Amino acid sequence: MTQPLVVFDNVVKHFGSYQAVERMNLEIYKGEFVAIMGSSGCGKTTTLRMLAGLDKPSEGEIRLNGERINDLRSWERDTPLVWQNLALFPFLNVLENVEFGLRMRGMAKAERRKKALEWLERLGLEEFATRDISLLSGGQRQRVALARSLVTEPPILLLDEPLSALDAHLSVRMQGVLTGLQKDLGITFVYVTHSQSEAFAMADRVVIMSRGRVEQIGSPQAVFLEPHNRFVAEFVGGKNILSGTVVGFDDGGLVRIDSPHGGFLARLPEGKTVVPAERVTVCISAEHIELTAQPVRRNRLSCTVVGEEFIGSMVNLYLETKDGLELQVQKLQADYQLLGVHCGQQIFAEWDGAHALILRGD
Ligand code: ATP
């Protein structure tokens, strides 16, 4: 197996008595696009800053290409960081900004100019070479910041919410620029964001953090389809969560669960086992719930429709059971029209047992 480019080996970061990162273990491979995501204050930026050499781990080891880098300063390691505010030098023009890193490394003027121009061309910026930074648009500035970081041809680029200051349209265009560049160059990107859509659109793997802890690492698909615990299920959204007690197994290997809302079936994720009387948490995706006046499945709940939300081609429906359990159901606009449901209507929500997933970590 290939050696990881980056290893976080039991890394802990304290600020005084506050633990910002709790015992992190993470391996990042060459050419991967890894997004670290989570809500504000969960430790994403601290993780990136430790990799960049701007914060030092309190415990554990960070390795780059197999070598411990805990004690290397930011300029002694090849891990440039692109910030949200980009930190371009306003007193230098576009070309001089891009050249800067090469100048610091002592590269001769003609050579560094040639290299910087190559990068400007690569990022479609050649016509702006002599322009002041202040006269560029947000998207152009983003590309200058990328060129400035990539001109030294580092093995890895760290990005901290680089698109959060852009409007939605430009942000989506820049996502295309970033992923294209990352794949073309075969470089590793570690990207911090609080935006699930950005992370899911670009990353090969996502790391979901909460309160300093890694909750799950996996492909966007795996994290969305098989969240490990309640936190991840709620974080990725569109999930219904039910709790219950295991009573046994049906012939097809599904788990029979008893809950205050009635009995239902659910499937186990690979590798997890349960025993009768064990408490479990189950998650059902909003798109896997069917609505009907005449239920045919054993997994069903009698509900009242309490809200509708139109989101373009989809409709979110909000339901409530008599005992106060809230459910979210997602339908295609066309299916919603066929259903003809309305607020206040009594209806059955039902689902296949195979679509109810017992969470691994709860
Ligand atoms: P955001 O999305 O808001 O930037 P984040 O997930 O990137 O959040 P971090 O910036 O890593 O979070 O911060 C994690 C926690 O550590 C926060 O509670 C923050 O207040 C705290 N923290 C970060 N840097 C320091 C510092 N230098 N001194 C003290 N506490 C800090």
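Predicted model: local features only at pLDDT ≥ 70, side-chain atom pairs only at ≥ 80, totals over all residues.
Colleague: How many helices and strands does the protein have?

Modeller: The protein has nine helices and 20 strands. Helices (H or I, at least four residues) and strands (E, at least two) are DSSP runs, numbered from the N terminus. The C-alpha trace spans about 75 × 45 × 40 Å along its principal axes. Of the 362 residues, 48% count as buried, where buried means under 20% relative accessible area, exposed means over 50%, and partly exposed lies in between (1.4 Å probe, protein chains only).

Colleague: Which residues are around the ligand, and what makes a residue count as near?

Modeller: A residue is near a molecule or strand if one of its heavy atoms lies within 4 Å of it. Around the ligand these are F15, Y18, A20, S39, S40, G41, C42, G43, K44, T45 and T46. Helix α1 (44-52) and strand β2 (18-28) each supply at least two residues of this shell, and α1 gives the most, with three.

Colleague: How is the shell divided by class?

Modeller: The shell has four nonpolar, six polar and one charged residues. In this scheme Ala, Val, Leu, Ile, Met, Phe, Trp, Tyr, Cys and Pro are nonpolar, Asp, Glu, Lys and Arg are charged, and the others, Gly among them, are polar.

Colleague: How do you know that C42, K44 and T45 have N or O atoms within 3.5 Å of ligand oxygen atoms?

Modeller: The limit for a polar contact is a pair of N or O atoms within 3.5 Å; within protein, one must be able to donate a hydrogen and the other to accept it, and residues adjacent in sequence count only if both atoms are side-chain atoms. A backbone N or O atom of C42 lies 3.0 Å from a ligand oxygen, a polar side-chain atom of K44 lies 2.8 Å from one, and a side-chain N or O atom of T45 is 2.7 Å from one. Taken alone, the ligand exposes 640 Å², and the protein buries 57% of that. Such areas come from the Shrake-Rupley method with a 1.4 Å probe; for residues, only the protein chains shown count as cover.

Colleague: What makes α1 mostly covered?

Modeller: Seven of the nine residues of α1 are buried, namely K44, T46, T47, L48, M50, L51 and A52. After α1 comes G53, with a positive phi near 90°.

Colleague: What is meant by a nonpolar core, and which residues have the most contacts inside the largest one?

Modeller: A nonpolar core is a set of buried Ala, Val, Leu, Ile, Met, Phe, Trp, Tyr and Cys residues joined through side-chain atoms within 4.5 Å. The largest has 43 residues, and V98, V144, L146, L159, L178 and V206 have the most contacts inside it. Helix α4 (residues 138-150) gives the most to this core, with five residues. Apart from it lies another core of 28 residues, among them F264, V274, L325 and A356.

Colleague: Why is T152 called buried?

Modeller: T152 has a relative accessible area of 16%, and the cut-off for buried is under 20%, so the term applies. T152 lies in the loop between α4 and β7 (156-160). Leaving aside neighbours within four places in sequence, T152 is in contact (heavy atoms within 4.5 Å) with D78, G101, L102 and R105.

Colleague: Why is G237 called partly exposed?

Modeller: G237 has a relative accessible area of 22%, which lies between the limits of 20% and 50% and therefore counts as partly exposed. G237 is in the loop between α8 (230-236) and β11 (239-249).

Methods. Residues numbered from 1 in each chain as written. Heavy atoms only, no water.
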